[in-house]
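Please examine the sequence and the structure shown below. A short briefing follows, arranged by topic.

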Amino acid sequence: MSCDDANTVPPSAWPSAINLHAQARTLELVWDGRHAVLSHRVLRRSCRCSVCENARRKTDDTLPVAADVALLTIEPLGSTALRLVFSDGHERGIYPWTYLKQMAFGPTTGEFSDSLTKGWRDE
Ligand SMILES: [Zn+2]
């Protein structure tokens with residue numbers, strides 16, 4: 001994807017790099033030199049669309065997601081979010097930068113305790 005419009009948004013909003021690692025099944029985002037590495041499965045489980053929110057309500061907060069679910073497509077949504085398309089056919093998930101940052105860098109919550117991320121590192 002192109003980052004040509006990165007100059008039109010605040011530098012902290014748009015990641016300086018977005019890398020989809022198909023083999024490792026991770027999505028890597030870089031903000032200000034900080035690498036956020038999120039597993040596809042965690043991203044899928046963290047979907048906040050109405051369908052997933054409803055499913056979560058029925059299943060005690062844990063969305064049933066195949067272990068080998070993969071992120072297939074990343075689609076920028078305006079300048080503030082990504083729409084992610086997964087291998088299980090789910091394509092409704094909207095992931096704002098703030099949410100992705102919170103997932104990567106925020107305090108780990110019980111819901112995500114099993115490897116919310118594979119960690120991050122400073123450059
Ligand atoms: Zn969803």
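The zinc ion is coordinated at 2.1 to 2.3 Å by Cys 47 (SG), Cys 49 (SG), Cys 52 (SG) and His 90 (NE2); donors are N, O and S atoms within 2.8 Å of the metal (3.2 Å for Na, K and Ca), and water is not among the atoms, so sites may look incomplete. This is a predicted model, in which local features need pLDDT of at least 70 and side-chain atom pairs count only at pLDDT 80 or more, whereas totals for chains, interfaces and linings use all residues. Residues are numbered from 1 along each chain as its sequence is written, and side-chain values use heavy atoms, with hydrogens and water left out.

**Zinc site**
- The site is tetrahedral, with angles of 103 to 113 degrees among its 4 donor atoms (all angles must lie between 85 and 135 degrees).
- Along the chain, the donors follow the spacing C-x1-C-x2-C-x37-H.
- Cys 52 lies in helix H2 (residues 50–58) and His 90 in the loop between strand E5 (81–86) and strand E6 (93–96), 38 residues apart; helices (H or I, at least four residues) and strands (E, at least two) are DSSP runs, numbered from the N terminus.
- Cys 52 counts as buried because its relative accessibility is 2% (buried means under 20% relative accessible area, exposed over 50%, partly exposed in between, with a 1.4 Å probe and protein chains only).
- His 90, at 10% relative accessibility, also counts as buried.

**Helix H3**
- The buried residues of H3 (residues 97–105) are Trp 97, Tyr 99, Leu 100, Met 103 and Ala 104.
- The face turned away from the buried side of H3 carries the exposed residues Thr 98 and Gln 102.

Terms used:
Tetrahedral: all angles 85-135°; square planar, octahedral: opposite > 155°, others 65-115°.
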